[in-house]
2 protein chains.
Amino acid sequence: MKLRRSERLVDMTTYLMAHPSTLIPLSYFSEQYQSAKSSISEDLGIIKETLELKGKGTILTVPGAAGGVKYIPNVGVEEAAQFINELCEMMETPERLLPGGYLYMTDILGQPRLVDNVGRLIASRYRNHPIDIVMTVATKGIPIAYAVARYLNVPVVIVRRDSLVTEGSTISINYVSGSTKRIQTMVLSKRSLPKEANVLIVDDFMKAGGTVNGMVNLLEEFEAKVAGIAVLVEAEQAEERLVEDYLSLMKLSDVNVREKMIKVDKGNFFAAPSES
Amino acid sequence: MKLRRSERLVDMTTYLMAHPSTLIPLSYFSEQYQSAKSSISEDLGIIKETLELKGKGTILTVPGAAGGVKYIPNVGVEEAAQFINELCEMMETPERLLPGGYLYMTDILGQPRLVDNVGRLIASRYRNHPIDIVMTVATKGIPIAYAVARYLNVPVVIVRRDSLVTEGSTISINYVSGSTKRIQTMVLSKRSLPKEANVLIVDDFMKAGGTVNGMVNLLEEFEAKVAGIAVLVEAEQAEERLVEDYLSLMKLSDVNVREKMIKVDKGNFFAAPSES
């Protein structure tokens, strides 16, 4: 159907937002709106300019017959700082303290809007890396992994602690939990990871890094590659950490059970080398 | 900053898409763009008209001092039919067959774009119901639950099979699996569900309905209410099903292991009473 420019702008924006990091041929839009490619290009120019103005991302043009346009999401520095501050404040409420100094984070992880923003932040940092797959371990990392993967437009692979009949053949490894030093098992469906895949590992919480390190070992079994490691919260760690190169949005620097005090700072997100 | 109308339309659409089912005061936009509320209302009129034209949803205006606008997502009948057909075809590939007649669905559930669409479909059907929370059971239902909850702008609550130290106090129930007749356990953190909450139960697969029924029983323990039940796939069931009123996107009608044949039809999504 034929639309006016203002309507085209709204509809194209809606479509692009729903298909992040996806190559869309210009012909898709010109057929959709029965408009010349030159008009579509002008529209895309306006969308690109507006996204960039707010630091919300850009429209990438891929030239050639197999080309098209891609919406690449981003987060402005100011928006990112504000959001991470908001998260830190939520984390510092004393009601989160559980016996043993554990923290209740289920309410934060249960809010799709927050999880979506966390995913957008992490995805924005890896937008220029060749990521083929996002991997996490059940259960709490799953929503974050999906949010990241949606923005990067790649599949999610979920490592489990147990083997399920609906997973088909699996490969399993044993690993040592960094904090408790207990031997644990990780299982992944054999057909879920192609060889040589570039995998971004995502999790909600990292202490000594045993779980993340287990996922790294599992990737070796599959002959896949670690393209990055990103966690929502890292805990300040006295002992040596098993994982070195990672991205964190928050850092749990102190938990005082007696005084019911939790101290959460921003993670290395801003310290890590920025890209643009 | 001051924007032209075309830029405002793009930026407002971006913002609304990122905040589905969320009340946004008009003053937010007028301050953001230093524009009169009358101009903003005109812009919103164009956005509303364009969304409705494509069946992608609408903009709801809530009058009064505490009012504003809300983007209510929807899916056009044609788009819904096409998407469900696409899913059914994917489900019918013989490589999915696992020993025992189980189906490998992990690859479908691992694709954020598909999961997001499933969520949009389910959310569109419950957009006029008073849903406070989306509930699922770990693990495979989690991404679907988040997709639904993101569009409905409500939190997600995840029932587990085991108790975790980071969940705090929990309530657990035993239930009988409908297919295997085995006694199983479900656990939910005590602070995750307020009394009287209207809960939409979501899962990936339902056979006899034992798991879903378990969640219904768990809701009774919490004195919360079942506001709806939605599953991605229901299996045709010879025996009596434990759950009666539910929404399904697909129906697994036949699995023939010997001939490597899987028959998947569309579920009751279109049969169920439609709302508009």
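Predicted model: local features only at pLDDT ≥ 70, side-chain atom pairs only at ≥ 80, totals over all residues.
**Entry 1: the interface**

I began with a working rule, that a salt bridge is a side-chain nitrogen of Lys or Arg lying within 4 Å of a carboxyl oxygen of Asp or Glu.

I looked up one pair in detail: Lys54(B) forms a salt bridge with Asp11(A), and their closest N and O atoms are 2.8 Å apart. I reminded myself of the general idea that side chains of opposite charge can pair when their charged atoms come close.

Next I asked which parts of chain B supply at least two residues each to the side that touches chain A. I listed the helices α1 (5-18), α2 (26-33), α3 (37-53), α5 (106-109), α6 (112-125) and α7 (142-152), together with the strand β4 (156-159), all of chain B. Of these, α1(B) gives the most, with eight residues. When I sorted the residues on this side of chain B by kind, I found 28 nonpolar, 13 polar and 15 charged.

I then turned to the extent of the contact, which takes 56 residues from chain B and 56 residues from chain A. Chain B and chain A bury about 4,800 Å² between them, and 64% of that area is on carbon and sulfur atoms.

I picked one within chain B, where the side chains of Arg8(B) and Asp43(B) meet at 2.5 Å, N to O. What does this pair tie together? Arg8(B) lies in helix α1 of chain B and Asp43(B) in helix α3 of chain B, so the pair ties together parts that are 35 residues apart in sequence.

**Entry 2: the sheet of chain B**

I traced an open sheet of six strands in chain B, in the order β4-β3-β7-β8-β9-β10, and I noted that the pairing is mixed. The edge strands are β4 and β10 (261-266) of chain B, each of which pairs on one side only. Neighbouring strands of this sheet are turned by 25 degrees against each other on average, with direction ignored.

I wanted an example of each kind of pairing. For the parallel kind I took strand β3 (residues 133-137) and strand β7 (residues 198-206) of chain B, which are joined by three bridges; here Met135(B) has Ile201(B) in β7(B) as its bridge partner. For the antiparallel kind I took β9(B) and β10(B), which are joined by six bridges, and there I found Met250(B) standing opposite Lys266(B) in β10(B). These two strands also form a hairpin with four residues between them, and Lys260(B) in the turn has a positive phi of about 50 degrees.

Finally I looked for a helix lying on the sheet, and I found that α4 (residues 77-91) of chain B lies across β8 (225-235), β9 (247-256) and β10 of chain B, running at about 165 degrees to β10(B).

**Entry 3: the sheet of chain A**

In chain A I again traced six strands forming an open sheet with mixed pairing, in the order β4-β3-β7-β8-β9-β10. Its edge strands are β4 (156-159) and β10 (261-266) of chain A, and the twist averages 25 degrees from one strand to the next. Strand β9 (residues 247-256) of chain A pairs with β10(A) in the antiparallel sense over six bridges, and Val255(A) stands opposite Ile262(A) in β10(A). Helix α4 (residues 77-91) of chain A lies across β8 (225-235), β9 and β10 of chain A, at about 165 degrees to β10(A).

**Entry 4: backbone exceptions**

Most residues other than glycine have a negative phi, and most peptide bonds are trans. With this in mind I asked where a cis peptide bond could be found in chain A, and the bond joins Ala138(A) and Thr139(A), with omega about 10 degrees. Thr139(A) lies in the loop between β3 (133-137) and α7 (142-152) of chain A. In chain B the peptide bond from Ala138(B) to Thr139(B) is cis, with omega near 10 degrees, and Thr139(B) is found in the loop between β3 and α7 of chain B.

Glu196(A) sits in the loop between β6 (183-189) and β7 (198-206) of chain A.

How values were computed: Residues numbered from 1 in each chain as written. Chains lettered and ligands numbered in written order. Heavy atoms only, no water. Contact = heavy atoms within 4.5 Å. Buried area = accessible area lost by both parts, 1.4 Å probe. Nonpolar A, V, L, I, M, F, W, Y, C, P; charged D, E, K, R; others polar. Pairing = 2+ DSSP bridges. Axes fitted to C-alpha atoms, helices over the stretch in contact; angles between N-to-C directions.
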